[in-house]
Structure formats: structure tokens, C-alpha cells
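Please check each one against the structure as you go.

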Amino acid sequence: IQFLFRRLLAIIPVLFVVSLVVFLILRITPGDPALVLAGDNATPEQINELRTAMGLNQSLVTQYFIWIGNALSGDLGYSFFLRSPVLGLMTERIAPTLSIALGTTVVSVLFALPLGVLAAWGMGGKLDRALSAFSVAGFSVPVFVIAYVLIYVFSIQLDWLPVQGYEPLWGRNGFQPWEWASRLILPWVSLGVIYAALVARVTRASVSEALTEDYIRTARAKGLKESAVLIRHALANAAVPIVTVIGIGVALLIGGVVVTE
């Protein structure tokens, strides 16, 4: 408990430094937000009124402490561009963002884990070489290219899936899993290719290393089935780096996949 408490305390200065850096980057970036929002035809008086309303006429130190104080109290500010509170805008986008990020994780992990385990079991074989080719392709081909190909095939040519839009899992007609999933399958697959390539490579490396350990030979000597050896012993003992990569991937997906419309 003391170790966990110390680790939590260590997060506080890190968060402070990150918030300070982000604030300074936004404030020091060239350009006047008030001038951009006011438009080319705005008068100097209108620009000054807008800068006062946005708090831009105060010192950077005062702006920072006002910003961090409001953030800690749950007030994330007001979007002058969209004319709406930031917290409300984020709330509207939480459901589709989490749907894409978590769905991508589930789909890619369900595909990558068996592929990585089987590639490690048959190292040097056809499946292992296929995994290497898939990993190279997954890391090399941009996501938008994969998305365009999937849209062309499954939406335009076959007319199986919609191109865009989002429907909540619980909509006007009640529970509608297909309406929800049909609009997310293409994003799941597009984003999942890169993520699955990474998880499969890490799984293959970790499991192949575990298969060389003494406890694997002991398990096989006891007469256990090869599936039990792979899952209960090799995969279980190689899970730490795999879970770490999956956790980092979830954080990156949630932070990087933000649905705007």
C-alpha cells in the first residue's frame, strides 16, 4: 500500500509539468485566437472585447492558474468556436470514441493472440512467415489506405456496410446491436490491422521465449496436451509484456481516436 501511495504521489508533479507544457504550447503558439474568431471584418473594439471575455488580456501566470483551477473543479472551459461548454462537447463524443477504441482492441486482440501463439509454436514455418509478412504490411500501409479499400469493397461494391454515421447501442428503438456494430466494423478493422500486427509480434516473441523454459519440458513430460502447454503454461507466463502492450494500445486508441462528427 505504501508503495502504491508513493507511486500515486509521484504522478502529481508529472501531471503538473505536462499541464504546464501543454498550456505554454497553446499560449506561445503564434496567432491571436480572438482575431481568428472575430473574423476579418471585426473592429479593434470587438477584438478587445473578445480577448477580455477569453481572458487573454491577463498574464500567462494568471491564465494558467485560472485554467488549472477550473479544470480541477470540473470546468473545462467554453468553446467560443462551437459556442458550447467543452465538457458537454466531450460528453457527446465519449460513447462513439470508446466504441471505436475498445472495439478495435477486442477485435485485434482476439485475432492477434491466437496468431502469435501459433506462430511461436511453429516457428520458422509457413504461419510464422505469414505473421512476419502481415506485420510488415500492417506497419507499412497507412490506416487511411486500408479504410478506403474496405469502404470501396464492403460499402460501395457489396453494399454490406454503411460508409459513415454512428448509432448508439441503445437508440430510439431500444437495444440495437447491429445498427451500432454495422457502422463500427470498418473502423475496427482499419485501426485493428496495425494494432493486431503489434500484439501478434509481441505475443510471438514472448511465447517463443517461454517455450524454451524448463517448465515447458516438464509439462510435456507429464503428458499434457500441446494446447494446454501453449495456453496454460507458455501464454500464461508470457502474459506480462503482452498485457503491457495491450494496455498501452488501449490508452493510445482512446487518446487518439476522437470522433468529432
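1. A term needed throughout comes first: a residue is called buried under 20% relative accessible area, exposed over 50% and partly exposed in between, with a 1.4 Å probe and protein chains only. By that scale I156, with a relative accessible area of 54%, is exposed. I156 is found in helix α7, residues 143-157, where helices (H or I, at least four residues) and strands (E, at least two) are DSSP runs numbered from the N terminus.

2. Please keep in mind that this is a predicted model, in which local features need pLDDT of at least 70 and side-chain atom pairs count only at pLDDT 80 or more, while totals for chains, interfaces and linings use all residues. Residues are numbered from 1 along each chain as its sequence is written, and side-chain values use heavy atoms, with hydrogens and water left out.

3. On the overall form, the protein chain has 12 helices and 4 strands. Its radius of gyration is 25 Å, well over the 18 Å that the globule rule gives for 261 residues, so the chain is more spread out than a compact globule; the radius is taken over C-alpha atoms, and the rule is 2.2 Å times the number of residues to the power 0.38. The C-alpha trace spans about 85 × 55 × 40 Å along its principal axes, and 29% of the 261 residues count as buried.

4. Which residues make up the nonpolar patch on the surface? Among them are V141, F144, Y148, Y152, I156 and W160, and the whole patch has about 990 Å² of accessible area. Patches are made of residues with over 30% relative accessible area and no salt bridge, like charges being joined within 9 Å and nonpolar side chains (Val, Leu, Ile, Met, Phe, Trp, Tyr) within 5 Å; the areas come from the Shrake-Rupley method with a 1.4 Å probe, and for residues only the protein chains shown count as cover.

5. The structure holds 10 aromatic pairs. The rings of Y64 and F65 form an edge-to-face pair, because their centres are 5.5 Å apart and their planes stand at 75°. The rings of Y64 and W67, with centres 6.0 Å apart and planes at 50°, are tilted. Here rings of Phe, Tyr and Trp (its six-membered ring) pair if their centres lie within 6.5 Å, and planes under 30 degrees apart count as stacked, over 60 as edge-to-face and the rest as tilted. Y64 is buried at 5%, whereas F65 is exposed at 53% and W67 is partly exposed at 31%. Ring pairs link F16, F23, Y64, F65 and W67 into a cluster.

6. Y64 and W67 both lie in helix α4 (residues 60-72), 3 residues apart, about one turn of the helix. Just after α4, G74 takes a positive phi of about 95°.

7. A search of the whole structure finds 3 salt bridges, each being a side-chain nitrogen of Lys or Arg within 4 Å of a carboxyl oxygen of Asp or Glu. E179 meets R183 at 3.0 Å, N to O. D214 meets R217 at 2.1 Å, N to O, and these two residues are 3 apart in helix α10 (residues 214-221), about one helical turn. D214 is exposed at 51%, while R217 is partly exposed at 48%. In the bridge of R220 with E226, the closest N and O atoms are 2.6 Å apart.
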